[in-house]
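Please examine the sequence and the structure displayed below.

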Amino acid sequence: MERLEVIDSHTEGEPTRVVIALPMELGGRTAAERRDELARHHDGLRRALILEPRGHEAIVGAYLLPPVSEHASAQVVFFNNEGYLGMCGHGAMGVLRTLQYLGRIGTGRHRLETPVGDIQAELLSDETIAIENVRAFRHEKDRTVRTREHGSCRGDIAWGGNWFFVAERPEEELRLSRQSELVALCLDIRDSLEQAGATGEDGALIDHIELYAPIAPRTTRNFVLCPGGAWDRSPCGTGTSAKLACLAADGALAPGEVWTQISLTGGVFRGSYEIEGEGVIPTIVGRAWITAESTLLFEADDPLREGWTS
Ligand code: PYC
C-alpha cells in the first residue's frame, strides 16, 4: 500500500490539490526540467492523483518541490487530467494558501518557481492573494476561425502563462446552465484553430479557450476551457493575464487600472498590469480556502490505481 499526503483547496471555486512530498527522487533542477522528468517517467502518478476515483476532471494538481533559488518559497509543477501546465494562476494561489496552512510561510511577499518562469505573490492577512504573473503578451489580433458546427469565431491569440484564444460572446451565452454547450463550442474552436494552423509563438499549441462577455464597465463574465476538456470554475489566472495583455495592446485599459473577471460560478479575479517590454506583467487578486488534508491510498492490486478516463 502506498500513501501520499495532499492538501486540497479551492480558489474562487476551482480546486487545487497540492502534493507535499513526492514519493521518489527527481532528476533535474529547474521546474521545467523536473516537469519534463515527471512527464517522461512518472506520469502514472499524475493520473492517479487527478483522475477518478481519487480526483475529478476540474482538479489542478501541484507538486511542491525544493526551489533552485534561496529566495523562492517553493518550486511548483502544475498538472491536470491531461498533462502539465506552464503556469496556473488559481493553482499558485492555492499553493500559497497551502504553504501558509502548513506554517511554512506567513503573510507578505513570496516567490514561486514555475516551468515558465518565477512569479511573485503577496499573501494578505485575510484569504486574499495577489500574484504577479510571468510576462503576458498578445501574439495575434483578430484571428478568425471557421468552426465545424458553430460558424466563424474571431478572437485574439495571447500568452498569459499558457496559450489562449480569447473571444467575445453574447452575455446570454455565458451561463452556468449552458456549461455543456460552452464546452462543445470551445472544443470546436480549439480543434478548428489547430486545423487552421493557428498557433502561439514558435508553433505552440493553443490549448486554452477563453470566452468573455462585458457585463459592466471594465468587468466581464468569462468561461475558460482547459486542455483536458474541463472548464475552469474560477475566472482563470493565466486567462485573466492573457486578457489583460490584449486590453493593454488595444489601449483599452491603462496600467494600474483594475479589470474584473467573474466566472460562471461567481468567482472573482481582479487584474491590473504594468508594462514590460512588448507585453505586461499582470497582477491577479483572488481568494483561496483550504478544503481538505488527506492521505491518499494506493493499493497494489487496485485496477484503478492510476485512475480511469472516458
Ligand atoms: O488559473 O491559470 C489558471 C488556470 C489554468 C487552468 C486552470 N486554472
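The sections below proceed from the whole chain to individual residues.

## Overall form

This is a predicted model. The protein contains five helices and 16 strands. Its C-alpha trace spans about 50 × 45 × 35 Å along the principal axes. A compact globule of 310 residues would have a radius of gyration near 19 Å, and the value for the protein, 19 Å, agrees with this.

Of the 310 residues, 55% count as buried. Among contacts between residues at least 6 apart in sequence, 63% join residues at least 24 apart.

## Surface and charge

The protein exposes about 13,200 Å², of which carbon and sulfur atoms supply 44%.

## A mostly covered helix

Helix α2 comprises residues 43-50, and seven of its eight residues are buried. Among them are the charged residues D43 and R46, as well as L45, L49 and I50.

## Aromatic pairs

The structure holds five aromatic pairs. In one of them, the ring centres of F137 and W163 are 5.7 Å apart and the planes stand at 85 degrees; the pair is therefore edge-to-face. Because F137 belongs to strand β9 and W163 to strand β11, this pair ties together parts that are 26 residues apart in sequence. F137 counts as buried because its relative accessibility is 11%, under the cut-off of 20%. W163 is also buried, at 8%.

F223 and W231 form a stacked pair, with 5.7 Å from centre to centre and 25 degrees between the planes. Both F223 and W231 are buried. Elsewhere, ring pairs link Y63, F79 and Y84 into a cluster.

Note on methods
Residues numbered from 1 in each chain as written. Predicted model: local features only at pLDDT ≥ 70, side-chain atom pairs only at ≥ 80, totals over all residues. Heavy atoms only, no water. Buried < 20%, exposed > 50% of the residue type's maximum accessible area, 1.4 Å probe, protein only. Helix = DSSP H or I, 4+ residues; strand = E, 2+ residues; numbered from the N terminus. Rg over C-alpha atoms; globule rule 2.2 N^0.38 Å. Contact = heavy atoms within 4.5 Å. Areas by Shrake-Rupley, 256 points an atom, 1.4 Å probe, with all protein chains shown as cover. Phe/Tyr/Trp six-rings, centres within 6.5 Å; stacked < 30°, edge-to-face > 60°.
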